[in-house]
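Please consult the sequence and the structure shown below while reading.

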Amino acid sequence: METLGVQGAGSRRAASFADGGGVTGRLQREKQLAAPAFGWRPTWPRSACPNFVHSALVPDSVVVLQLRLMKMADGKEDPAVFTSTSLPSDPRLLATVTNAYLGTRVYRDILHINGVYNGAVGDTHRADIPSPVNVRMMVPGADSLAETFTLNTRTGTFSHVLQAMDYGATHQIYAHHSLVHLMAFSITIWRSAHTTQPITVQLQTPFVPKSQDLDLNQGPDFQGAQYVYGKTLVPEVEGGPRPTVHMLWTPVPQTLTLRGEERERSWEFLMAVAESEEEAKRSYREGLALMAAGSLHSSHVHAWAMLWRGCCIDLDGPLPLRQALYGCLYYLLSAIPPRGNPGFLFHGISPGGLSNGTQGEDYWGHVFWDQDTWMFPNILLFYPEAARAILEYRIRTLEGALRNAQEQGYKGAKFPWESAATGREVCPEEIYGAQEIHVTGDVLMAFEQYYCTTQDQKLFREDGGWKLVDAVAQYWCSRMVWSEEEQCYHIKGVMPPDEYHYQVDNSVYTNAVAQRSLNFAADIARDFLIPVPEEWVDCAKKIKVPFDAEKKYHPEYDGYSPGEPVKQADVVLLGFPLMYPMSSEVRRNDLEMYEPITELDGPAMSWSMFAVGWLELKEVQRAQSQLNKCFSNITEPFKIWVENSDGSGAVNFLTGMGGFLQAVLFGYTGFRITRSSLRFNPALPNDINKLNVTGVSYFGNKLKFTIAKEEIRIKVIESHQDPLAPPLEAVLEESGQRFPLREGQSISIPMVAGWIQKSSTEIF
């Protein structure tokens with residue numbers, strides 16, 4: 001294939017507006033982040049379009065996974081492939097192509113790099129990098145061209161196909177999943193057998209190597225590629241680092257022509273971006289070598305195939321639900337570090353991912369509790385190595401969290417409501433950094449979930465985890481005050497997850513997550529034979545968790561009046577993910593109290609948590625009615641989520657996707673991560689006959705769960721645990737029956753509650 005690149009002129013589309021302030025804060029910023037209404041929901045014809053890389057250009061030894069057609073082999077619609085004959089009118093809803101390091105929306109003139117921000121404190125935002133892969137394919141003067149746009153989530157590839165009677169052209173673009181410094185696209189032109197006229201495709205390439213966030217300089221060409229480099233303009237904190245970005249790309253002509261004697265021809269275009277010249281050039285050379293071998297795209301497709309092999313949720317049920325699951329998994333998996341690359345420095349996941357985050361969108365690309373509470377559990381259950389990278393980001397930013405607590409007059413570490421590169425508070429509105437302190441407990445809950453599913457003591461003993469746990473426990477103890485009147489500890493002056501309320505005392509969620517933090521800190525100290533400070537035990541035991549004994553429900557905070565509207569899921573999070581002890585009656589009362597008064601157009605993840613609650617109580621159809629509300633946040637044709645159903649807030653809202661996945665992954669299955677086991681207690685709605693969850697990771701094993709109406713099948717599909725470690729077993733809750741789980745073997749059990757645990761003795 002020929003190696004070409006991109007050049008031209010472009011313009012920015014970023015919105016500008018005044019920062020949200022006062023107590024509406026994130027909510028106000030959500031509304032400000034709105035764009036035109038996205039009510040467009042087309043139905044579109046499916047067509048078998050020739051999306052492929054020509055096999056003659058690839059060695060026979062390389063297995064090329066072609067872009068799947070819109071129909072599967074059995075004639076059914078493929079739920080993992082999203083196709084349309086037109087693009088959404090709102091450019092925010094275009095498909096995204098990202099990996100753990102680079103990301104963009106298709107046909108956008110900028111891209112972003114994980115961890116590269118520009119601007120001081122509240123103004124810090126993802127630095128805009130000009131995008132050489134922003135190319136649009138056209139055939140000037142052509143009549144009767146059929147046009148399709150496809151996002152194939154199985155291969156992580158976006159394609160655009162132009163089809164005439166006697167010729168066609170395909171444009172494919174992708175962010176390489178395993179070679180994370182590379183993005184690439186290809187153009188393929190082909191003809192039918194009986195034509196010989198030249199076919200010319202025009203490429204619109206509106207690229208200018210300039211940025212409002214980088215001082216870019218032109219360097220010498222490198223192996224045919226053009227080269228620019230430059231530092232960000234303003235550090236996040238005074239005296240802080242200003243990352244340097246290096247970018248290589250090879251020029252692309254304005255037209256490509258298939259000559260008369262050629263039947264088919266493909267051209268590939270490559271871009272490499274890194275924070276060092278050496279890494280940029282090394283990555284570019286590697287990309288060129290793969291292109292020369294005809295295996296650049298196939299190596300990317302293979303990486304996605306391996307990713308899906310170890311992680312899949314599918315079900316025998318409604319097509320829209322299956323499509324939503326594939327879409328959510330694709331966008332979330334696009335954001336995680338590649339497998340087998342433990343040295344990769346990961347900088348967290350923002351609500352809208354790397355495709356967004358310029359100044360004025362997606363909360364500037366900052367990292368919230370959205371990562372730790374809403375996205376993390378799904379990643380952990382499939383890919384604990386990627387989950388560890390998220391925790392390492394929090395460990396690396398611990399110094400900033402220590403400074404945050406110190407500046408507010410407290411001990412230990414207070415994680416920022418909005419985090420970027422340093423761990424210092426970067427929220428533009430002061431009230432959030434001061435009051436929405438539950439994020440510190442949310443961070444530690446992610447560490448606890450990881451520890452309970454992996455027993456990775458190295459993270460805590462050697463890699464900084466224990467220092468973080470200790471610092472969080474110190475913070476919570478210093479944040480509490482003793483009430484002589486009530487004889488318990490209070491946490492005063494906070495904003496709960498429900499951001500309609502602020503400066504409240506004893507937010508039930510905040511206090512419960514603080515209690516959980518202290519209990520975990522004490523547990524892990526005992527595991528490591530570290531003396532447990534008496535203060536931790538006392539504060540955990542005596543903290544107030546508001547409860548109305550007469551009405552048998554949890555008030556959101558001291559003084560809450562039943563019926564007051566709430567912005568989003570708050571008290572219902574006590575049941576899950578906090579698993580705060582309560583009776584089924586209280587759980588039901590909490591759900592019934594808060595469901596009708598939760599903002600209908602609020603953040604997308606709320607209804608997922610109501611669904612999980614009703615599934616716990618085996619009210620499956622009521623749960624499904626809550627989950628169905630999420631579909632108003634899913635846009636067509638590429639299943640991009642918006643934060644609020646009116647189109648405001650973050651776009652490509654990974655937080656909502658994470659909540660939706662949890663409703664299936666922890667709701668339908670009943671999975672619960674405990675200190676000693678992975679519990680299950682399935683409940684399937686009437687329109688779902690079977691649920692397959694492949695790749696559940698537990699203590700070094702990969703499990704497959706197949707849940708049907710009357711039966712659960714469990715199989716260990718891989719085992720990487722220590723050979724000396726005890727094998728796993730399944731235990732049924734009611735009968736106490738135990739079933740050994742050995743690699744390659746399946747067990748079948750009734751549709752009842754139980755758990756997976758390490759076997760205490762070998763079972764024969």
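In which hand, left or right, does helix 11 pass helix 13? In this predicted model, helix 11 passes helix 13 in a left-handed crossing. Helix 11 covers residues 465–479 and helix 13 covers residues 534–542; their axes come within 10 Å and cross at roughly 55 degrees. That angle makes helix 11 oblique to helix 13. On the side of helix 11, the contact is formed by Trp466, Asp470, Ala473, Gln474 and Cys477, which meet Glu535, Trp536 and Cys539 of helix 13. By class, five residues of this contact are nonpolar, one is polar and two are charged.

The following table sets out the packing of both pairs.

| Helix pair | Axis separation | Crossing angle |
|---|---|---|
| Helix 9 (residues 438–454) and helix 12 (residues 508–527) | 9 Å apart | about 40 degrees |
| Helix 11 (residues 465–479) and helix 13 (residues 534–542) | within 10 Å | roughly 55 degrees |

Helix 9 and helix 12 are likewise oblique to each other, and their crossing is left-handed. Residues of helix 9 in this contact include His438, Leu444, Met445, Phe447 and Tyr451, while those of helix 12 include Tyr509, Val513, Arg516, Phe520 and Ile524. The residues of the contact divide into eight nonpolar, five polar and four charged.

Of its 764 residues, 62% count as buried. Among contacts with a separation of 6 or more, residues 24 or more positions apart account for 68%.

Two buried strand residues make side-chain polar contacts. Thr150 is placed in strand 10, residues 146–152. Its relative accessible area is 2%, so Thr150 is buried. The side chain of Thr150 makes a polar contact with the side chain of Thr83 at 2.9 Å. His490 belongs to strand 22, residues 488–490, and is also buried, with a relative accessible area of 7%. A polar contact of 3.1 Å links the side chain of His490 to the side chain of Glu486. Leaving aside residues up to four places away in sequence, His490 touches Arg479, Met480, Val481, Ser483, Asn506, Lys544 and Asp558.

Most residues other than glycine have a negative phi, and most peptide bonds are trans. Asp362, although not a glycine, has a positive phi of about 50 degrees. Asp362 lies in the loop between helix 4 and helix 5 and counts as buried because its relative accessibility is 3%. Gln455 likewise has a positive phi, near 55 degrees. Gln455 sits in the loop between helix 9 and helix 10, and at 29% relative accessibility Gln455 counts as partly exposed.

Which residues are joined by cis peptide bonds? Another runs from Glu636 to Pro637, with omega near 5 degrees, and Pro637 lies in the loop between strand 23 and strand 24.

A further proline, Pro596, is placed in the loop between helix 14 and helix 15. Pro596 counts as exposed because its relative accessibility is 63%. Although Pro596 and Pro565 are 31 residues apart along the chain, their C-alpha atoms are separated by 8.7 Å.

How values were computed
Residues numbered from 1 in each chain as written. Predicted model: local features only at pLDDT ≥ 70, side-chain atom pairs only at ≥ 80, totals over all residues. Heavy atoms only, no water. Helix = DSSP H or I, 4+ residues; strand = E, 2+ residues; numbered from the N terminus. Buried < 20%, exposed > 50% of the residue type's maximum accessible area, 1.4 Å probe, protein only. Polar contact = N/O pair within 3.5 Å; in protein donor to acceptor, adjacent residues only side chain to side chain. Axes fitted to C-alpha atoms, helices over the stretch in contact; angles between N-to-C directions. Parallel < 35°, antiparallel > 145°, perpendicular 65-115°, else oblique. Left-handed = near helix turned anticlockwise from the far one by under 90°. Contact = heavy atoms within 4.5 Å. Nonpolar A, V, L, I, M, F, W, Y, C, P; charged D, E, K, R; others polar.
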